[in-house]
Amino acid sequence: MAYRKRLHHLDYASVMYPDDKKTIDWLNSLKVPYVSKWDFAKQMALHPRNHNLKEWYEIFKAGVEYYTFQDFLRTTTSKYREAYNEVENQGEGINITEESLPQMYHELVRSCEVLGIKDIPAYSTDWFYGPYHFSNGETHRRIVMMSGSADLFTEAEMAFVLGHELGHMACGHKPYHMLLETFYMPFVNDAAFKAWASIIKLPLLEWYRISDYTADRVGLLCCQDINSALSTMIKKAGLPKKCYSSINIESFIEQARHFDADLTGTMDKVVKILSIRSAEFPWLVVRAGKLLEWYESDEYRQIIENS
């Protein structure tokens, strides 16, 4: 694999896709109230006639404190989702370590070095012979690579997908991914869900899809080869294995540009409705178009040159 430059002091906030950053900043700003002092309730029960309602409200309000939404999720959804994922991953997958699978482990270590990530996440395999991968956990982080990926991806393509998953972690996506995966994703194929998802859940599902635009940027910064990033997407989009030796990247680029120019703008409402389903399996052609747009801007070049 070609030399990859280490990106020191990478500012992940500046890498994020604008709509992704806007949503993450909003979610991170949310506060969840909780009551830490319950003395007022005891006194109210013992002496119900000694205070009027306004005074009791002031006492109650003085005892209210606030979690950030992130901290609230860490003690609720994320905590239990992580525990479930760890049991599942440990029970049916192989832990990738320096001892068990040194080549795959060193690929992860090198990707972390390139991106300036010091805390190397846990890494494991799972059985499915396809070019798929995912990550889970916010405090106990893990990347899961489907066994087919190790065979179907080149070393540079593997760097892209590892960077993609590390990007989700570094940009603060995982607490909100786990929230969606716990409460929303099990119902994406349910008829009743579709009737009201556009009213209640569509904005977050749309963000779930958009978060991949950011992760793809980090994946490109990790592999530092746009052709490898695009060939990864082509394989994930369904290219037959027998055609791997003759991947036509230019044709895929043309398709991505055509979709972005001729379809996205005029069919915006349709795109948003369909994205309820594509939130779980985002459109690779759209992702390729967004990544190309960023690659061809000065932002990518400046990050590589200035790091």
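Phe-69 is buried in this predicted model, because its relative accessible area of 16% falls under the 20% limit. Phe-72 counts as partly exposed, with a relative accessibility of 29%. Both residues belong to helix H5, which covers residues 69–75. They are three residues apart there, about one turn of the helix.

The whole structure contains nine aromatic pairs. Phe-69 and Phe-72 form one of them: their planes lie at 15° with the ring centres 6.4 Å apart, so the pair is stacked. Tyr-176 and Trp-207 form an aromatic pair with an edge-to-face arrangement. This pair links distant parts of the chain, since Tyr-176 lies in helix H10 (residues 174–183) and Trp-207 in helix H12 (residues 202–223), 31 residues apart. Tyr-176 and Trp-207 are both buried. The table sets out the geometry of the two pairs.

| Pair | Centre to centre | Angle between planes | Arrangement |
|---|---|---|---|
| Phe-69 and Phe-72 | 6.4 Å | 15° | stacked |
| Tyr-176 and Trp-207 | 6.3 Å | 80° | edge-to-face |

Two packed helices are described by the angle between their axes and the distance between the axes. For helix H13 (residues 226–236) and helix H16 (residues 284–295), the axes cross at roughly 170° and come within 10 Å. Because angles over 145 degrees count as roughly antiparallel, H13 is assigned that orientation relative to H16. On the H13 side, the residues in contact are Ile-226, Ala-229, Leu-230, Met-233 and Lys-236. On the H16 side, they are Leu-284, Arg-287, Ala-288, Leu-291, Leu-292 and Tyr-295. By class, the contact of H13 with H16 comprises nine nonpolar residues and two charged residues, with no polar ones.

These features belong to a protein chain of 307 residues, of which 47% count as buried. The chain has 17 helices and five strands. Among its contacts with a separation of 6 or more, 72% are between residues 24 or more positions apart.

Note on methods: Residues numbered from 1 in each chain as written. Predicted model: local features only at pLDDT ≥ 70, side-chain atom pairs only at ≥ 80, totals over all residues. Heavy atoms only, no water. Helix = DSSP H or I, 4+ residues; strand = E, 2+ residues; numbered from the N terminus. Buried < 20%, exposed > 50% of the residue type's maximum accessible area, 1.4 Å probe, protein only. Contact = heavy atoms within 4.5 Å. Phe/Tyr/Trp six-rings, centres within 6.5 Å; stacked < 30°, edge-to-face > 60°. Axes fitted to C-alpha atoms, helices over the stretch in contact; angles between N-to-C directions. Parallel < 35°, antiparallel > 145°, perpendicular 65-115°, else oblique. Nonpolar A, V, L, I, M, F, W, Y, C, P; charged D, E, K, R; others polar.
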